2 protein chains.
Amino acid sequence: MAAQPHGIQALLFDVFGTVVDWRSSIARDAAPFLARHLPGLEGAAFAAAWRRRYQPAMEAVRTGARPFTKLDILHRENLEGVLRDHGLDPASLPEAELDGLNRLWHRLDPWPDSVAGLHRLKARFIIAPLSNGNIALLLNMAKRAGLPWDAILGAEASQAYKPNREAYLRTADILGLPPEACMLVAAHNGDLAAARRCGFRTAFIARPTEYGPEQAKDLAAEQDWDFVAPSFPALADQLGCPA
Amino acid sequence: MAAQPHGIQALLFDVFGTVVDWRSSIARDAAPFLARHLPGLEGAAFAAAWRRRYQPAMEAVRTGARPFTKLDILHRENLEGVLRDHGLDPASLPEAELDGLNRLWHRLDPWPDSVAGLHRLKARFIIAPLSNGNIALLLNMAKRAGLPWDAILGAEASQAYKPNREAYLRTADILGLPPEACMLVAAHNGDLAAARRCGFRTAFIARPTEYGPEQAKDLAAEQDWDFVAPSFPALADQLGCPA
């Protein structure tokens, strides 16, 4: 690849919320299960309840209280917790049904601009997820959705969950790049702040409906990120990638 | 992806010799350096001498005598050893020249059929390297050559060098697949034998000039591998991948 004037060589992407719409996908695809087993629970509420257990589950790994455990396993534990919270004993369900539900995270739909934008960015940069998702989850998602990653990086490769420093710094090291040649692309100000503290460049992509119509956070850039864009193609424009 | 009748979901590829022609690439691209510094040494002999140190260097990691060390570092140590063997002190050379030479392994040319064959195989299977190369090496190689991997796996992801069992078994585990859903594609009978002992399916691709015109080993399949083919497109034919 030609040298980039800004020195950025790799774009590392947050995935849940930034590349894919986890909330709508889980809400829609869990609906048949909910209709059978928890008819009072709406898909969006189920998705939100499942996702609320995401950060606390990773926190045990971040603090060292628990050895690194990949997200498929945390998702499964969190799923069982949500079901119990709603009075449904997971042990009463067939394993295949629980596993199928857990694998909905491998089948999330991208935002409408994601695939086209990634193709443009890939022509000029290394592109890879820097997600807390595990490799199989991200690979299966990419294969289904057509996300053209150059490699699948993130928590499982670095054995660390964002926003711990090791998640960013080990990713740069794996790529053989200094942190300043890496840019995190994310819809979350907190993730970008952690990446910036490690020396990464930063790009904020607004995804104002990630948490639904009444989303209260991450509606706008909260720092002077290196780039701020409403979509991946808009970021590609700013980075000078041909259409 | 549709279920495969043979149950194979992922094709994992040996890279050096199977996907790319390391010998011709190194011989050609090291020639300007050799002309300047070691005018008596031919490119092919230099490539062979560098490669001869490959297995012994990994052996220290395989036996546990040395912690996992990525191939870029072993290649660099081996390079310095080869230069010393030929009376050239690496400390007398600019760091950029040594590093540029070491990065020739990131710029190997694929065999003429590799890219077209991988595209066909990718339409039906997960495709990823299961190489002793590190992630940056394999990613940079893929980006330059157009190798359309779904993910970059292998020694750095599994923290183990082939033919140790962990290299194969941890790769299957990362993919969330049982070993029998994984097939190693390789030009080396020994690599395939180790993969088979782990439960992998096996495909032998003949690369009878990997070691030059007088190659003496791996000219033919030495076991009844699941598939034997003269090229990646021929393997795609056998696996029923549309042209």
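The model is predicted, so local features need pLDDT of at least 70 and side-chain atom pairs count only at pLDDT 80 or more, while totals for chains, interfaces and linings use all residues. Residues are numbered from 1 along each chain as its sequence is written, chains are lettered from A and ligands numbered from 1 in the order in which they are written, and side-chain values use heavy atoms, with hydrogens and water left out.

Chain A splits into domain 1 (10-21 + 109-238) and domain 2 (23-106), with bounds that come from an automatic or database domain assignment. Taken over C-alpha atoms, the centres of domain 1 and domain 2 of chain A lie 23 Å apart. Contact (heavy atoms within 4.5 Å) involves 23 residues of domain 1 of chain A and 19 residues of domain 2 of chain A. Together these two domains bury about 1,800 Å², and 50% of that is on carbon and sulfur atoms; buried area here is the accessible area (1.4 Å probe) that two parts lose on being put together, summed over both. On the domain 1 side of chain A, the most area is lost to domain 2 of chain A by Phe16(A), Asp21(A) and Tyr161(A), which together make up 34% of what that side buries.

Asp109(A) and Arg28(A) pair up through their side chains in a salt bridge, at 2.8 Å from N to O. There are also 13 residue pairs in polar contact between the two domains of chain A, both residues at pLDDT 80 or more. A polar contact is a pair of N or O atoms within 3.5 Å; within protein, one must be able to donate a hydrogen and the other to accept it, and residues adjacent in sequence count only if both atoms are side-chain atoms. Helix 7 of chain A gives the most to the side of domain 1 of chain A that touches domain 2 of chain A, with five residues; helices (H or I, at least four residues) and strands (E, at least two) are DSSP runs, numbered from the N terminus.

Turning to the chains, 22 residues from chain B meet 22 residues from chain A. Chain B and chain A bury about 1,600 Å² between them, with 58% of it on carbon and sulfur atoms. Leu139(B), Lys143(B) and Ile174(B) supply 34% of the area that chain B buries against chain A, more than any other three residues. Four salt bridges are found across this interface. Lys70(B) and Asp173(A) form a salt bridge, with their closest N and O atoms 3.8 Å apart. Eight residue pairs are in polar contact across the interface of chain B and chain A, both at pLDDT 80 or more. Strand 2 (126-131), helix 7 (135-145) and helix 9 (165-175) of chain B each put at least two residues into the side that touches chain A, and the largest share, five residues, comes from helix 7 of chain B.

Finally, Arg23(A) sits in helix 1 (residues 22-37) of chain A. Arg23(A) counts as buried because its relative accessibility is 19%, where buried means under 20% relative accessible area, exposed over 50%, and partly exposed in between (1.4 Å probe, protein chains only). Leaving aside neighbours within four places in sequence, Arg23(A) is in contact with Ala44(A), Ala47(A), Glu210(A), Tyr211(A), Gly212(A) and Pro213(A). The Arg23(A) side chain reaches the backbone oxygen of Tyr211(A) at 3.4 Å.
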